[in-house]
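I opened my notebook to get to know a new structure. Here is what I looked up, entry by entry.

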Amino acid sequence: MRIALLGGTGDIGEGLALRWAYDTDHEVLIGSRDPEKARAKAEEYETELDSRGLDRAVKGFDNEMAADRADIVVLAVPAYHVGDVVEGVADVVDEDTILVSPAVGMSRDDDGMHYNPPGVGSITELVQRRAPEDVRVVGAFHNLAADRLANLDVEFDLDTLVVGDDEDARDLVADLGAEIEGLRVLDAGPAANAAEVESVTPLVINIAMNNDGMHDVGVRYL
């Protein structure tokens, strides 16, 4: 399978790119508004993997070109850029493409982080509104600490949730996530449940901010 990470030069994009390249045989593509930046980051990821004895090809493109080549397109960009990125690749994605959104709308004040969803209810639902009608959308990978994800020396024992209106798409993304060693993926149902899933992220960040030694806190459902 070919996976494109749009915004793959950023924190969550880097983590998912490295983990999928390290733990699986899927082809990983890095997308960015700046193709030179994408290619430079792809080379960095290849160097990191090579240092661990893995000969993996990671390629960099502009976002549209990366999306055009991929089966799974992960929107690894901040929440306030998601809509524009979706519209920017709308002409090259189709019914065979699955868009995956890990983005969460949040705001911060003196008390901490707070869930700040868009008017449609969640970022996952925003992506559904902006994407072409025949493109399937899944929300996933919201509650993972990006630094921990990108550190290949860290062993996982964490859960993440998937939401979306197409059950087959949820299952495929869940299977893809479960290929990352130590990550368990649980089905949280249709996209209408996305707000509940996304809102866990600011809670996790607040726990990390207020407890010593928990900067990489994650979630495990028992």
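I looked up Asp171 and found that its place is in helix 7 (residues 167–178); helices (H or I, at least four residues) and strands (E, at least two) are DSSP runs, numbered from the N terminus. Asp171 is partly exposed, with a relative accessible area of 34%; buried means under 20%, exposed over 50%, and partly exposed in between (1.4 Å probe, protein chains only). I also checked Asp71, 100 residues from Asp171 along the chain, and their C-alpha atoms are separated by 14 Å.

A note on the source: this is a predicted model, where local features need pLDDT of at least 70, side-chain atom pairs count only at pLDDT 80 or more, and totals for chains, interfaces and linings use all residues. Residues are numbered from 1 along each chain as its sequence is written, and side-chain values use heavy atoms, with hydrogens and water left out.

Next I turned to helix 2. Helix 2 covers residues 35–50, 16 residues in total, and reaches 22 Å from its first C-alpha to its last, close to the expected 22 Å (1.5 Å times one less than its number of residues). Which residues of helix 2 are buried? I found Ala38, Lys41, Ala42, Tyr45 and Leu49. They lie on the same side of helix 2 because they cover an arc of only 105° around the axis, taken from the directions from the helix axis to the C-beta atoms. On the other side of helix 2, I noted Glu36, Glu43, Thr47 and Asp50 as exposed.
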